[in-house]
Amino acid sequence: MREEGMYSWRNPWFRWSVVSLVTFTVVSVLVGFVWLPSVHRDFTAQGLWASICRAAGVPSTWSDSGGTGKDVPQATNVVLERSMARIAGSASVGRGGTLALNCTMCHGAQGMSASSAPNLAGQYPEVVIKQLHDYQAAKRASSIMEALAARLSDRDIEDLAAYYAYLPKARTAPTTYDERLPALVRVGAPLRNIAPCISCHGGVDQKLGAPWLEGMPKDYLVGQLQALRSGKRRNDSEAQMRNVVRSMTDAEIEEVTTFYAGKASAGGER
Ligand code: HEC
Ligand code: HEC
């Protein structure tokens with residue numbers, strides 16, 4: 001009689017080791033690639049593949065439910081390009097001005113809002129272009145702006161951006177180092193990886209796509225910072241702004257928004 005082979009299926013030890021190895025592998029894969037990543041808050045927004053890609057990470061907050069759900073807008077589609085910061089030769093300020101008649105009710109006759117809608121006067125053109133495309137694609141949530149942006153063509157958006165860039169932002173004072181600035185605005189918070197606001201938001205230096213903030217209505221600024229902090233707004237490219245605001249306290253939000261909103265200069269209408 002032939003001796004039972006060590007690697008034969010009839011050998012119970014061999015059978016058991018194969019079965020346990022397969023089970024163990026399947027369970028580890030499920031845990032590592034599906035379960036752990038699924039606890040990340042972006043899981044529903046980004047799907048299985050994204051979660052597999054990040055599977056090496058372990059969730060930082062297990063129970064953080066902020067910003068989950070299918071109706072939360074996802075990251076932007078807009079790829080910012082230097083050319084968007086220049087007003088294209090083909091853009092028509094005059095035509096933009098006509099289109100902007102639909103916007104004055106909220107954004108002000110000269111792009112200086114009297115409500116809690118943001119000012120658009122002097123806003124960097126690539127900001128207006130990017131934000132309007134984000135509303136169009138429902139990447140930034142606002143029932144009013146999503147509906148209005150849906151009706152705009154690419155040409156309309158270009159002309160509106162040219163028009164608003166052309167309006168003077170002279171009624172809001174630029175931020176410089178020669179004044180008293182909140183610490184976060186001037187130096188940021190290096191220990192928390194927060195870069196100074198002034199290094200991105202203009203006045204001294206502007207990062208492509210970072211909006212002009214000076215003179216914006218305070219309620220608007222507070223609302224946007226809270227939405228970015230909670231993940232309700234997530235259309236900022238590479239989470240640049242979410243990374244800044246993530247560890248900011250309510251008191252810090254109060255301080256920086258008071259500062260920026262207060263930069264409506266004496267010549268302002270409000
Ligand atoms: C009924 C009021 C209303 C009208 C009309 C309106 N807007 Fe807005 N707009 C808003 C509000 C409110 C916000 C801020 C929404 C949010 O929380 O994202 C906004 C935001 C924006 C932003 C983003 C600005 C930023 O700094 O991020 C742009 C750009 C913009 N609107 C352009 C327009 C244009 C162009 C029109 C005309 C075609 C227009 N809006 C008409 C109320 C309005
Ligand atoms: C690394 C660059 C960077 C730094 C530093 C930074 N921001 Fe931003 N911020 C951005 C960009 C880029 C956007 C536009 C996001 C988008 O495309 O929707 C933005 C958007 C915002 C908005 C929304 C404005 C609007 O009209 O849509 C506010 C408010 C804001 N930042 C405030 C601040 C404050 C206050 C600080 C300092 C504590 C700060 N930011 C620091 C890059 C930065």
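Of the 270 residues in the chain, 41% are buried, meaning under 20% relative accessible area, with exposed over 50% and partly exposed in between, for a 1.4 Å probe and protein chains only. This is a predicted model, where local features need pLDDT of at least 70, side-chain atom pairs count only at pLDDT 80 or more, and totals for chains, interfaces and linings use all residues. Residues are numbered from 1 along each chain as its sequence is written, chains are lettered from A and ligands numbered from 1 in the order in which they are written, and side-chain values use heavy atoms, with hydrogens and water left out.

The chain has 11 helices and zero strands; these are DSSP runs numbered from the N terminus, H or I of at least four residues for helices and E of at least two for strands.

Now the iron sites. In ligand 1, His-107 (NE2) and Met-145 (SD) coordinate the iron atom at 1.9 to 2.2 Å. Donors here are N, O and S atoms within 2.8 Å of the metal, or 3.2 Å for Na, K and Ca; water is not among the atoms, so sites may look incomplete. The six donor atoms subtend angles of 86 to 178° at this iron, so the arrangement is octahedral. For six donors, that term requires opposite donors over 155 degrees apart and all others between 65 and 115. Ideal octahedral angles are 90 or 180 degrees. His-107 sits in helix 4 (residues 104–107) and Met-145 in helix 6 (residues 143–150), 38 residues apart. Both are buried.

In ligand 2, the iron atom is coordinated by His-201 (NE2) and Met-241 (SD), at 2.0 to 2.1 Å. Its six donor atoms subtend angles of 87 to 179°, which makes this arrangement octahedral. His-201 lies in the loop between helix 8 (183–186) and helix 9, and Met-241 in helix 10, 40 residues apart. His-201 and Met-241 are both buried.

Which residues come nearest to ligand 2? Of the 24 around it, they are Cys-197, Cys-200, His-201, Arg-233 and Met-241; a residue is near if one of its heavy atoms lies within 4 Å.

Polar side-chain atoms also approach oxygen atoms of ligand 2: Lys-130 at 2.7 Å, Tyr-220 at 2.7 Å and Asn-235 at 3.3 Å. A polar contact is a pair of N or O atoms within 3.5 Å.

Why does ligand 2 lie between domain 2 (82–166) and domain 3 (183–261)? Because both domains give residues to its shell; the bounds come from an automatic or database domain assignment.

Conventions. Polar contact = N/O pair within 3.5 Å; in protein donor to acceptor, adjacent residues only side chain to side chain. Tetrahedral: all angles 85-135°; square planar, octahedral: opposite > 155°, others 65-115°.
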